[in-house]
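Please find below a short note for a colleague who is new to this entry. The points are numbered so that each may be taken up separately.

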Amino acid sequence: MANVIVIGAQWGDEGKGKITDLLSKSADIVVRYQGGVNAGHTLVVQGQTFKLHLIPSGILYPDTECIIGCGTVIDPQVLIKELDQLESLNISTQNLLISETAHVTMPYHRLIDQASEERRGDHRIGTTGRGIGPTYADKSERTGIRIIDLMNPTGLRKQLHWAISYKNAILEKLYNLPPLDAEEVIDQYLEYAERLRPHVVDTSLKIYDAIQRRRNILFEGAQGTLLDLDHGTYPYVTSSNPVAGGACVGTGVGPTMIDRVIGVAKAYTTRVGEGPFPTELNGKIGELLCDRGAEFGTTTGRRRRCGWFDAVIGRYAVRVNGMDCLAITKLDVLDELDEIKVCVAYEVDGEKCKDFPHNARRFARCRPIYKTMPGWKHSTVNCRSLEDLPPQALDYLKFLAELMEVPIAIVSLGASREQTIIVEDPIHGPKRALLHANGTPVVTEV
């Protein structure tokens, strides 16, 4: 039995969806613990593409139970659309459970999010405009609507009449927007409630009971470590906690119940939205990475900013998440490059910096110090074992593992499930280690 957290080790978009999908085959339960429809997973299974924003990736396995935890914020309209999409493809959604204490994104959250971002002008954060921040703000202000409130029509009417009246004043007076029709919103959300009602339970109790029965549980987060509200590149962050600790808070389980943390990182680095990005590439190589990696957001379609692998933020992600292994994705994107650079440290104000700086202005002044490695100029998309990889590609992976000081358990070489090298199964225990505990970069049987 193993309870495993899968987290992003960069700024999100690392390929967590594919890794979670792969590991879901060995999991009895997959739990989404934070974020909302501002995140997206793109999965390719037998040539078919699935784009999910709220429903955990494990839904594609008929025997896997999927849970949306209390730390998420749920847009019922999007969730129901995902349910309809999956059911139209004959994929059962009966195993989906929704936390009764998760908060609900309302129409006024989306409107305020978009209007607020526009008003920021040059100070914009780069939000998705999906209402995530305002939903979490209402949660913190204790004025939010929870899923359990949707299940009570009488109580919901009272709550929403007050909330919409309050939000309309903001929409009209602050943003010069037309008010919402309270009755129209209430009727719409009561319809959503009836569709979701069969899935709503006390998910914390469900997870606890599953742990007691020694079932395998996979916890998946959205976004990435550097977008964490407390530990990311504030203020250019999301409104929740994608780090591993967020899995406990966002599902209602204790930290002693977690066995492993696997981090997911691209073989290079990407970022969406505003904020400092030390290894960003603005020329031909950046364009190549973007085009070969199909670097466009699942949720917004925005073009992602691309750069070299950044081991400074990587080591930081290992530390704040307590990672004990890594999945490296999109190694194949680097196949055509003559040489590949890795950021091993920063230079800032004339000093060498090996640790991530929390001061946003200092971080913006950081310049990467690179180690240059030879490319392999050979396709890796059909590699299915470490021995199949070109020597230079294997050396690159070893170097990343040495820098990050954790073993690499999985290497992804494309979008489909089959394009993967499993070095170590994080759920069923170690088979092989790419990096010894003492830091020696070797490949050995364990």
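1. In this predicted model, seven residue pairs are in polar contact across the interface of domain 1 and domain 2, with both residues of each pair at pLDDT 80 or more. Three salt bridges are also counted between domain 1 and domain 2.

2. A salt bridge to examine in the structure joins Arg195 and Glu87. The closest N and O atoms of Arg195 and Glu87 are 3.3 Å apart.

3. As to the division of the protein chain, the domain assignment gives domain 1 as 3-87 + 202-422, and domain 2 as 103-199. To the contact, domain 1 contributes 28 residues and domain 2 contributes 21 residues. Taken over C-alpha atoms, the centres of domain 1 and domain 2 are separated by 29 Å.

4. The size of an interface is often expressed as the accessible area that is lost when the parts come together. Between domain 1 and domain 2, the buried area is about 2100 Å². Carbon and sulfur atoms give 58% of that area.

5. One cavity of 30 Å³ or more is counted in the model, and the largest cavity holds about 50 Å³ of space.

6. Which residues line the largest cavity? The lining consists of Gly232, Thr233, Tyr234, Pro276, Phe356, Pro357, His358, Asn359, Ala360 and Phe363. By class, six of these residues are nonpolar and four are polar, while no charged residue is present in the lining.

7. The second largest pocket has a volume of about 250 Å³. Ten residues line this pocket, and Leu22, Leu23, Lys25, Ser26 and Ile422 are those nearest its centre. The lining of the second largest pocket comprises five nonpolar residues, one polar residue and four charged residues.

Definitions and conventions:
Residues are numbered from 1 along each chain as its sequence is written. This is a predicted model: local features need pLDDT of at least 70, side-chain atom pairs count only at pLDDT 80 or more; totals for chains, interfaces and linings use all residues. Side-chain values use heavy atoms; hydrogens and water are left out. On a 1 Å grid over the protein atoms alone, a cavity is a set of points where a 1.4 Å probe fits but cannot get out, and a pocket is an open set with protein on both sides within 12 Å along at least five of seven lines; lining residues have an atom within 4 Å of a point. Grid points are joined across faces, edges and corners, and a volume is the space filled by probe spheres set on the points. Ala, Val, Leu, Ile, Met, Phe, Trp, Tyr, Cys and Pro count as nonpolar, Asp, Glu, Lys and Arg as charged, and the others, Gly among them, as polar. Domain bounds come from an automatic or database domain assignment. Contact means heavy atoms within 4.5 Å. Buried area is the accessible area (1.4 Å probe) that two parts lose on being put together, summed over both. A salt bridge is a side-chain nitrogen of Lys or Arg within 4 Å of a carboxyl oxygen of Asp or Glu. A polar contact is a pair of N or O atoms within 3.5 Å; within protein, one must be able to donate a hydrogen and the other to accept it, and residues adjacent in sequence count only if both atoms are side-chain atoms.
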